[in-house]
Amino acid sequence: MFNQIGAVTMINLRSIPQRAGLSLATIISIALVTGVLLGFLAMSNGFRATLQGTGSESVAVMLRAGSQAELNSGLSSDQVRLIEEAPGIARDAEGAPLVSGELFVIVDGIKRSSQTEANLPLRGVGTQALALRDGFQMVEGRMFEPGTNELVVGAGVIREFSNFDLGETIRLGPNEWVIVGIFSTGGSVFDSEIWADIAVIQNLYNRGTGVQSIRARLTSPEAITELQAYEEGEPRLNLDVQSETDFFAGQAGGTAVLIEIIGWPLAIVMAIGALAGAWNTMYSSVDTRMREIATLRAIGFSGFAAAVGTMVESLVLAAIGGLVGAGATYLVFNGVSASTLGSGFTQVVFSFAVTGGSVLAGMIMAVIIGFFGGLVPAIRSAYVPLLTVHRSE
Amino acid sequence: MTSLYTLTDLSKGYTRGKESITIFEELTMTIPEGDFMAIMGPSGSGKTTLLNLLGGIDRPTSGSVECQGVRVDKLSEGKLAKWRSQNVGFIFQFYNLMPTLTAAQNVELPLLLTGLSGKQRKERVATALDIVGLADRKGHRPRQLSGGQQQRVAIARAIVADPKVLLCDEPTGDLDRKSADEILETLQLLNKDLGKTIVMVTHDPSAARYARRELHLDKGRFVEQVQEPAQ
Ligand SMILES: Nc1ncnc2c1ncn2[C@@H]1O[C@H](COP(=O)(O)OP(=O)(O)O)[C@@H](O)[C@H]1O
Ligand SMILES: [Mg+2]
């Protein structure tokens, strides 16, 4: 039986050059499907990796209950004060609680690459904000002076946006700002932000004394449960309390899932197209081999061997397509830097990551296309009429 | 002489839509072992159909095809395939070689259905190619061979598994006179020296002269003519 199947398969595979055009079209269409799928998966993986790399276990992020993103949240200064007195909150050398109420507004920046406008987050922070970002450092210049129209700019913003050079004056919306410093938090999402004094932003954007998020340093990662219990038992607080790690993972998850929600259906629709192509190719393969198949059957080969031969041909074409698609995606996309809309409609800079898992997903998809594309032609090749042996060609 | 085939009341017809055509009806005859029979007759008289029934690649409408005690017409598809591989060698008008395989690989095909080892298969293939005089062409592909040479490869393929009967449908129909004579001489040699029973369909009277006897199939009836073999 293996001899038979081996021989039929060899005859089929060797005859592929006779159907070079169609076979190549099948390989290319399956490569495209795999490439598109892997492109989307690489994007969502990269995005996830960037945001998951951000955040500390011992920092709590608090938003208005149910608001999901900072942009949708709104909290009063009373709530900030209540958190400052909460259990589990760390204090600095002077005994002041490490709690930072922050504002978060969106401004327009000009992208270097396209010279078009894109959303940039402008964060209003107080002095405690620095103590809540591990690895915060000024790369150039200095911190803004409280109460002034001075800005500090994240290192990622400088890379991706124009007109943020040190010492420049920039107009953001109705207001003029002076850029006095460039900061880095070591590649986290904050590097994609601009910071200014919270009191100035509250004033310019008519926010009174309100804030949008509260960050607090915890005495330990476990203290989050204490803080959560305190929030539950305090009727004047209505917050979602989570660790910064969980917060970013949730944010990344949302966008990564969104990317995959676009990516998978697109890949599946394309896969159906590729499947039709594979089907057509294999149908014509069986057509051109009819007399050969009938001859083998007359000699005594089984219909099963003929079917397996056809199926293997289909799977081989699909696997080549999958490998070409995965290889091309890896060469083109892996590690390529991109920026896209993060949660809260701001730019997040991240790298595409073509992972082993997504290559596997792409190959499985390619093989599935090959299997279903080859199924009916394979069954058909098992039932080629024996009298086809007398056909003249 | 013991008979190889016994055909009894053999009928074959086709239904096309509401119409039914009878090709032949209630044929009864025996084919003895060691025979070399030429079946002649006008085009469409059912020569190929008869050969298909003898070879077990088609089934009769009624009647029986018996080969050495085996009711060929009653075998299941799987058993029939096995029976064909062990008993019948086919030779077709258009050779039916696999274009992507070499001569030796083409000849080896029937042996892949046996339990022979690779080495044994190689020896058998060499012997078969030797018999048809193509030992030096074993690495050639069909495209690199003349029509006559391709038909010789097909003959080697038909005999390599040592079947009892060779069924040839217009084996020289696509060849020039000289190549045709060489093929017919080879068939005659296989019949005389190796004892192969041969049933050959042809519409060429000079080809038929190589056979031991001629059967004329016309309007569903056989007319036998025994004759002296050609020299
Ligand atoms: N599959 C088929 N369906 C219907 N009619 C067929 C089929 N095969 C052969 N025939 C008819 O049977 C008759 C005999 O065909 P065939 O045996 O090929 O004749 P020959 O080989 O003597 O020329 C022809 O009239 C042919 O048209
Ligand atoms: Mg015929």
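In this predicted model, the structure holds four cavities of 30 Å³ or more. The second largest cavity has a volume of about 120 Å³, and of the 14 residues that line it, the closest to its centre are Ile299(A), Val88(B), Gly89(B), Pro110(B) and Arg157(B). Two or more lining residues are contributed by each of helix 7 of chain A and, from chain B, helix 2 (77–87), strand 6 (88–91) and helix 5 (147–159).

Once its neighbours within four places in sequence are left aside, Thr281(A) is in contact with Leu22(A), Ser23(A), Thr26(A) and Leu317(A).

Helix 6 of chain A, made up of residues 223–233, has as its buried residues Ala223(A), Ile224(A), Leu227(A), Tyr230(A) and Glu231(A). These residues lie on the same side of helix 6 of chain A because they cover an arc of only 120° around the axis. What covers the buried residues of this helix includes strand 1 (59–64), helix 3 (77–84) and strand 10 (239–243), which belong to chain A as well. On the face of helix 6 of chain A that is turned away from its buried side, by contrast, the exposed residues Thr225(A), Glu232(A) and Gly233(A) are found.

Technical notes. Residues numbered from 1 in each chain as written. Chains lettered and ligands numbered in written order. Predicted model: local features only at pLDDT ≥ 70, side-chain atom pairs only at ≥ 80, totals over all residues. Heavy atoms only, no water. Buried < 20%, exposed > 50% of the residue type's maximum accessible area, 1.4 Å probe, protein only. Helix = DSSP H or I, 4+ residues; strand = E, 2+ residues; numbered from the N terminus. Arc of directions from axis to C-beta. Contact = heavy atoms within 4.5 Å. 1 Å grid on protein atoms, 1.4 Å probe; cavity = no way out; pocket = protein on both sides within 12 Å on 5 of 7 lines; lining within 4 Å. Points joined across faces, edges and corners; volume = space filled by probe spheres on them.
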